[in-house]
Amino acid sequence: QVQLVESGGGLVQVGGSLRLSCAASGSISRPNVMGWYRQGPGKQRELVAAITGGGTTKFADSVKGRFTISRDNAKNTVYLQMNSLKPEDTAVYYCYSSLPTANIASPPRYWGQGTQVTVSS
């Protein structure tokens, strides 16, 4: 079983920045893929960004150029740096991790509890 603990959400003004963190723990090998989904009000959950253990990344078109994702493999921790935030980025952000053999296109296996990000205008 894997536990994912997120931190870093909050309220920010348009154009501001936030950094989310997610630490994985439990009886697992290093997850190959970690990343973030988000679910805005009245919307479906969508992939925001993902990163493999080797550093390959994937982003939603809506966040390219504004968000970056990184990870510390030694700590099994993934970070999402969000810059130039817009009201449409308002959502609950969920960290996820995959099975050790998954690739970047594989579906999530484990989820964090979610952290609220609110961008005010």
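What follows is a short chat about the predicted model above.

Student: What should I know about the model before reading it?
Tutor: It is predicted: local features need pLDDT of at least 70, side-chain atom pairs count only at pLDDT 80 or more, and totals for chains, interfaces and linings use all residues. Residues are numbered from 1 along each chain as its sequence is written, and side-chain values use heavy atoms, with hydrogens and water left out.

Student: How many helices and strands are there?
Tutor: The protein has zero helices and eleven strands; helices (H or I, at least four residues) and strands (E, at least two) are DSSP runs, numbered from the N terminus.

Student: Moving on, how many salt bridges?
Tutor: The count is four, a salt bridge being a side-chain nitrogen of Lys or Arg within 4 Å of a carboxyl oxygen of Asp or Glu.

Student: What is the distance for Asp89 and Arg38?
Tutor: Their closest N and O atoms are 2.9 Å apart. Asp89 lies in the loop between S8 (77-82) and S9 (91-97) and Arg38 in S4 (residues 33-39), so the pair ties together parts 51 residues apart in sequence.

Student: Are those two buried or exposed?
Tutor: Both Asp89 and Arg38 are buried, meaning under 20% relative accessible area, with exposed over 50% and partly exposed in between (1.4 Å probe, protein chains only).

Student: And Asp89 with Arg66?
Tutor: That salt bridge has its closest N and O atoms 2.7 Å apart. Salt bridges that share partners join Arg38, Glu46, Arg66 and Asp89 into one network.

Student: What about Asp61 and Lys64, buried or exposed?
Tutor: Both are exposed, and their side chains form a salt bridge at 3.0 Å, N to O.
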